[in-house]
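Hi everyone, thanks for coming. Today I'd like to walk you through one model, step by step.

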Amino acid sequence: MKDPELDILINELETNRDISIADFDGVLHALGFLLPSVALPEAHRIGTTDQAILVADDAYPNWSIHIRGRANDADGHWRCTLRESDSRDSDAAIGTGRSPVLGQAILAAVIRLAMAQKP
């Protein structure tokens with residue numbers, strides 16, 4: 001699935017350190033559309049790392065969440081990859097995200113993966 005509005009939302013997640021509650025409300029609406037069976041927290045909490053990981057876990061149970069980053073790197077140093085399997089490189093879809101904020105990198109990866117799997 002390709003949607004310019006979702007691409008803009010992912011860009012916001014990946015480039016901005018401070019995202020407004022309105023933008024996180026947009027993230028909730030996007031996830032509600034892409035992953036209707038996933039339990040979502042309130043807009044003011046979804047950007048936290050704990051909540052973002054819970055969303056990823058609920059959306060993609062038993063998938064691997066790889067998080068990489070270094071504290072001394074410039075903005076955009078957090079990277080998240082969602083993979084169905086650690087043991088092979090033949091996953092049908094992989095979600096990736098990067099951001100100066102870890103929770104936002106995870107959410108970007110979840111949205112990208114959901115977009116790739118949506119018909």
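Let's begin with salt bridges: in this predicted model, the count comes to one salt bridge. Which two side chains meet in it? They are Glu14 and Arg112, with 2.7 Å from N to O. Now find both partners on the screen. Glu14 sits in helix α1, residues 4-15, while Arg112 belongs to helix α4, residues 102-117, so the pair ties together parts that are 98 residues apart in sequence. Is Glu14 buried or exposed? Glu14 is buried, because its relative accessible area is 14%, and the cut-off for buried is under 20%. Arg112, at 30% relative accessibility, counts as partly exposed.

Let's stay with α1 for a moment. This helix has 12 residues and reaches 16 Å from its first C-alpha to its last, close to the 16 Å expected at 1.5 Å a residue.

Now, which residues of α1 are buried? Leu6, Leu9, Ile10, Leu13 and our friend Glu14. They cover an arc of only 130 degrees around the axis, which puts them on the same side of α1.

In soluble globular proteins, nonpolar side chains tend to be buried together. Here, the largest nonpolar core has 35 residues, and those with the most contacts inside it are Val27, Leu31, Leu35, Val110 and Ile111. Two or more residues of this core come from each of α1, α2, α3 (49-59), β2 (78-83) and α4. Which element gives the largest share? That is α4, with 11 residues.

Let's zoom in on Leu35. Not counting residues up to four places away in sequence, Leu35 touches Ala59, Tyr60, Val110 and Ala114.

One last stop, back in helix α4: Leu102. Leu102 is buried, with a relative accessible area of 15%. Leaving aside neighbours within four places in sequence, Leu102 is in contact with Thr49, Ile67 and Trp78. If you look from Leu102 across to Ile10, the two lie 92 residues apart along the chain, and their C-alpha atoms are separated by 14 Å.

Key
Residues are numbered from 1 along each chain as its sequence is written. This is a predicted model: local features need pLDDT of at least 70, side-chain atom pairs count only at pLDDT 80 or more; totals for chains, interfaces and linings use all residues. Side-chain values use heavy atoms; hydrogens and water are left out. A salt bridge is a side-chain nitrogen of Lys or Arg within 4 Å of a carboxyl oxygen of Asp or Glu. Helices (H or I, at least four residues) and strands (E, at least two) are DSSP runs, numbered from the N terminus. Buried means under 20% relative accessible area, exposed over 50%, partly exposed in between (1.4 Å probe, protein chains only). The expected span of a helix is 1.5 Å times one less than its number of residues. The arc is that of the directions from the helix axis to the C-beta atoms. Contact means heavy atoms within 4.5 Å. A nonpolar core is a set of buried Ala, Val, Leu, Ile, Met, Phe, Trp, Tyr and Cys residues joined through side-chain atoms within 4.5 Å.
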